[in-house]
Amino acid sequence: NLKTNEIKTKVMILGKTEVNMNIEINDINLEQVYSYKYLVVNISNTGEQETEIIERIGKTSRLYQAIKNSFLNKKEISRAVKMRIQDSIHTDVDFWL
């Protein structure tokens, strides 16, 4: 007994060419989308990942600026500690990109 929420359900057609489909469940026409976010990853109907990469770079940049402004600019923190933090940030960025 699978129950669906027709109002929240979306449809996406994967492929190189754009295709419009009308799919109905219980007389409700499902919305067709061309991209959506699933488990924090943007998925597009063409398989392109440019939007995902740009979004990750933007998030990483905002995170780095927040850490820099709130922590790395403080004179009380030793240079060695700042360098270790900066190295760990770059390691995480390289991993996610």
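1. Basis of the values. In this predicted model, local features need pLDDT of at least 70 and side-chain atom pairs count only at pLDDT 80 or more, whereas totals for chains, interfaces and linings use all residues. Residues are numbered from 1 along each chain as its sequence is written, and side-chain values use heavy atoms, with hydrogens and water left out.

2. The structure holds three salt bridges, a salt bridge being a side-chain nitrogen of Lys or Arg within 4 Å of a carboxyl oxygen of Asp or Glu. One of them joins the side chains of Lys10 and Glu31, at 3.0 Å from N to O. Lys10 lies in strand 1 and Glu31 in strand 4 (residues 31-32), so this pair ties together parts that are 21 residues apart in sequence. Helices (H or I, at least four residues) and strands (E, at least two) are DSSP runs, numbered from the N terminus. Lys10 is partly exposed at a relative accessible area of 43%, and Glu31 is partly exposed at 42%. Here buried means under 20% relative accessible area, exposed over 50%, and partly exposed in between (1.4 Å probe, protein chains only).

3. The network around Glu55. Lys37, Glu55 and Lys59 are linked in a network of salt bridges. The side chains of Lys37 and Glu55 meet at 2.6 Å, N to O. This pair links distant parts of the chain, with Lys37 in strand 5 and Glu55 in helix 1, 18 residues apart. Glu55 also forms a salt bridge with Lys59, for which the closest N and O atoms are 3.3 Å apart. Glu55 and Lys59 are four residues apart in helix 1, and are therefore separated by about one helical turn.

4. Strand 5 (residues 35-38) and strand 6 (residues 41-44) run antiparallel and are joined by four bridges; two strands pair if DSSP finds at least two bridges between them. Lys37 stands opposite Asn42 in strand 6. Two residues lie between the strands of this hairpin, where Leu39 takes a positive phi near 50 degrees.

5. Most residues other than glycine have a negative phi. Asn26, in the loop between strand 2 and strand 3 (28-29), has a positive phi near 55 degrees. Asp27 is placed in the loop between strand 2 and strand 3, and its phi is positive at about 65 degrees although it is not a glycine. Asn26 is exposed, with a relative accessible area of 59%, and Asp27 is exposed at 74%.

6. A nonpolar surface patch. Val19, Met21 and Ile23 form a nonpolar patch on the surface, and together they have about 210 Å² of accessible area. Patches are made of residues with over 30% relative accessible area and no salt bridge, with like charges joined within 9 Å and nonpolar side chains (Val, Leu, Ile, Met, Phe, Trp, Tyr) within 5 Å. Accessible areas come from the Shrake-Rupley method with a 1.4 Å probe, and for residues only the protein chains shown count as cover. Ile23 is located in the loop between strand 1 (10-11) and strand 2 (24-25), and is partly exposed at 31% relative accessible area.

7. A buried lysine. Lys82, in helix 2 (residues 79-96), is buried yet has no salt bridge. The nearest side chain of opposite charge is that of Glu76, 7.6 Å away; Lys and Arg count as positive and Asp and Glu as negative, while His and the chain ends are not counted. Which residues does Lys82 contact, leaving aside its neighbours within four places in sequence? They are Leu72, Asn73, Lys74 and Ile77, where contact means heavy atoms within 4.5 Å.

8. Lys68 is found in helix 1 (residues 50-72) and counts as partly exposed at 31% relative accessibility. The C-alpha atoms of Lys68 and Thr17 are separated by 44 Å, the two residues being 51 residues apart along the chain.
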